[in-house]
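Look at the sequence and the structure together. The report that follows goes through a few annotated residues and then the nonpolar cores.

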Amino acid sequence: MTHTHVAGSIHADAGSRAPGWLAVPDDVNALMPKLWSAGVGKDVDGVLTVAGLDVAEVAERVGTPAYVIDEADLRARARAFAEAFEGWNVYYAAKSFLCTAVARWVTEEGLGLDTCTGGELAVAQRAGVDMTKVGLHGNNKSLAELRQGLEAGVGRIIVDSFDEIGRLGHLAGELGLRPRVMVRVTTGVEAHTHEYISTAHEDQKFGFSIAGGAAAEALELCHLDPRLDLVGIHSHIGSQIFDAEGFEVAARRTLRLHADFAAAYGVEMPELDLGGGFGIAYTSQDTPASPAFLATALNRIVRAECAALGVAVPQLSIEPGRSISGPAGFALYTVGTVKRVQLDGGASRLYVAVDGGMSDNIRTALYAAEYSATLASRRSDAPPTLSRVVGKHCEGGDILVRDEFLPADIAPGDLVAVPAAGAYSRSMASNYNHVPRPPVVSVRDGEISTLVRRETLDDLLALDVG
């Protein structure tokens, strides 16, 4: 279902009824477990709780809006990938959400860290992460970022352009280092996801095309440059993917390239990275696969292809991010206004405006992402009504949850929670309309900790030198 419009979100299908996948709930107070962390529930009064702490206390202590992370759940998800993909190198995709504490958590659970800017790398350094277990991505790494990675001793640099190969070789020679390098390729796979988060088709900015021959050329350049240590191929087909079919096609094409390189140069590269992009549940329509299912499928795919090509199975790696951080967190808001809007045909929709918005979660406005929501501060006996959770920003497209059934008596002062906000919410947040960004707090065993403090107006004004 497409909601966006070329002229902007305000021109989209705001008059549409609830989508077909959104059923009227039997109990508007009930939670759908697959959308929430393992430590989230509701008490007898209908108040949302996380790891033994109710959200009313969270709101009282840190205010709203706020991002709330279930530490034990995030750690368990990281550990589940490490255990399911035993023998693989599993790198947490830091772009989904990164702070010093989370960098420590995931590495303590056995994962490496995948970064794609100097800023993310700086957080990893601050957290004391073993740099040999850190990768540096990015389609336009600056000289300063490459130097930072080289001097830090990152375990691998994933090159993304011919310019970068030359730039990296020059820097490596200057510093007397020989970095481990992987070549990012585009496999031509059309992942079943939104255009903006599909990254393996040909017409986009990432990687070297296998079909066009650029990937083979890039491998050759890296192999022949004595300043670089070529270790393998990297492939990433997109994000929010629910099946293994795309990975099967990508693995087949990357391993064919791997085998062709071995035949040409007499060397089998030791590594292959199949990327990440594993989907999570944002709404009832989403059916994510477990790490164990994914591991079984990907192992089967790679081993079958290697056997068919007559090459050894390389050291394999993946990069889950959203599937670890996303379900472990939710966003907590306070309702400010409630407005019923009449639609055509006698229908209506309840607009529930909260104290956050597109500055703390841009995904709905950016690519029509779907979310769910629940009344978090009390139980309601009112019937469910079709609602839209919107923000406080001066944009018609400032929508957090496009379609949801909330209690008809939802009112100013109520708390609303949006699940699956642990990934790509704080990491993509902005200061639009000069709104300070919310804090990130974690809860474990009933205890709350601040991971990233709330921004203040003083923080914003400190950058304004006028």
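## The model

This is a predicted model, in which local features need pLDDT of at least 70, side-chain atom pairs count only at pLDDT 80 or more, and totals for chains, interfaces and linings use all residues. Residues are numbered from 1 along each chain as its sequence is written, and side-chain values use heavy atoms, with hydrogens and water left out.

## Lys95

An unreviewed UniProt entry places the feature "modified residue: N6-(pyridoxal phosphate)lysine" at Lys95. UniProt positions are in the numbering used here, feature names are shortened, and annotations may be inferred rather than shown by experiment.

Lys95 is in the loop between β5 (89-93) and α3 (100-108). Helices (H or I, at least four residues) and strands (E, at least two) are DSSP runs, numbered from the N terminus. Lys95 counts as partly exposed because its relative accessibility is 38%; buried means under 20% relative accessible area, exposed over 50%, and partly exposed in between (1.4 Å probe, protein chains only).

The unreviewed UniProt entry lists "binding site" positions, including Gly277 and Glu319. Gly277 is buried, at 12%, and Glu319 is buried, at 5%. Leaving aside neighbours within four places in sequence, Gly277 is in contact (heavy atoms within 4.5 Å) with residues including His236 and Glu319.

## Nonpolar cores

A nonpolar core is a set of buried Ala, Val, Leu, Ile, Met, Phe, Trp, Tyr and Cys residues joined through side-chain atoms within 4.5 Å. The largest has 97 residues, of which Phe85, Leu113 and Val183 touch the most other members. A second, separate core of 23 residues includes Val62 and Phe330.
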